[in-house]
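Q: Could we go through the salt bridges and pockets of this model together?

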Amino acid sequence: MAAEVATARRRFTREEYHRMGEVGILKPHDRVELIRGEIVEMSPIGRRHTAFVDNLNEFLVTRLAGRAIVSVQNPVALSDDTEPQPDLKVLRRRVPPYKEREAFGEDTLLLIEVAETSLRYDRSTKLRLYAEAGISEYWIVDCAAESVELYRTPEAEGYRDALRVADAGATVSPQAFPDATLTLAEMFA
């Protein structure tokens, strides 16, 4: 009879995670993020994913210029052991500037994940993380269906308000900036 072997997972803090990058354990080209203390490999970025991130970035930057900061594929600190890298985030302007203190959940007005191969993960793990952190609005852009899921009003287990928009002529806008509208046709061009 074989003896059972107990395994323990080593969980990391954000500080340890960043130190691994500084000393070269994690390389600049590694596509990873820190989720609840675990280093998780991110999905590869495909052509459609890239195109839709670029479209959203152009839209957000031009319509929110001077009102908010748009950040592409950069981390957001949610807790001592969690630092995902959403595809896009819209940050409030603040003092101190972001060069002095990284972006945290309370700085975030909108997070967007563009899902080509990560849809299930974005709808489960990421959705719960963002809601727990109090991110007021979260969008999932479904590359295959060319639709957008909008989540608002975070609660302990998720978001109270959810809406799926799939009509190419429909418009969406960030809750914090209702005048900044975008049609799905523009998003998925």
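**Salt bridges and pockets**

A: Glu146 and Arg48 form a salt bridge, with 2.9 Å between the closest N and O atoms. A salt bridge here is a side-chain nitrogen of Lys or Arg within 4 Å of a carboxyl oxygen of Asp or Glu. The model is a predicted one, in which local features need pLDDT of at least 70, side-chain atom pairs count only at pLDDT 80 or more, and totals for chains, interfaces and linings use all residues. Residues are numbered from 1 along each chain as its sequence is written, and side-chain values use heavy atoms, with hydrogens and water left out.

Q: Which parts does the pair of Glu146 and Arg48 tie together?

A: Glu146 lies in the loop between β6 (137–142) and β7 (147–155), and Arg48 lies in helix α2 (residues 47–64), so the pair links parts that are 98 residues apart in sequence. Helices (H or I, at least four residues) and strands (E, at least two) are DSSP runs, numbered from the N terminus.

Q: What about Glu149, and with which residue does it form a salt bridge?

A: Glu149 pairs with Arg123, the closest N and O atoms being 2.4 Å apart. Glu149 is in strand β7 and Arg123 in helix α3, so this pair ties together parts that are 26 residues apart in sequence.

Q: Is Glu149 buried or exposed?

A: Glu149 counts as buried, at 5% relative accessibility, and Arg123 as partly exposed, at 38%. Buried means under 20% relative accessible area, exposed over 50%, and partly exposed in between (1.4 Å probe, protein chains only).

Q: How many salt bridges are there in the whole structure?

A: A search of the whole structure finds 19.

Q: Changing topic, how much space lies in the largest pocket?

A: The largest pocket holds about 290 Å³ of space. A pocket is an open set of points on a 1 Å grid over the protein atoms alone, where a 1.4 Å probe fits, with protein on both sides within 12 Å along at least five of seven lines; lining residues have an atom within 4 Å of a point. Grid points are joined across faces, edges and corners, and a volume is the space filled by probe spheres set on the points.

Q: Which residues lie nearest its centre?

A: Of the 16 residues lining the largest pocket, Tyr17, Leu26, Lys27, Val32 and Gln85 lie nearest its centre. Helix α1 (residues 14–22) supplies the largest share of this lining, 4 residues.
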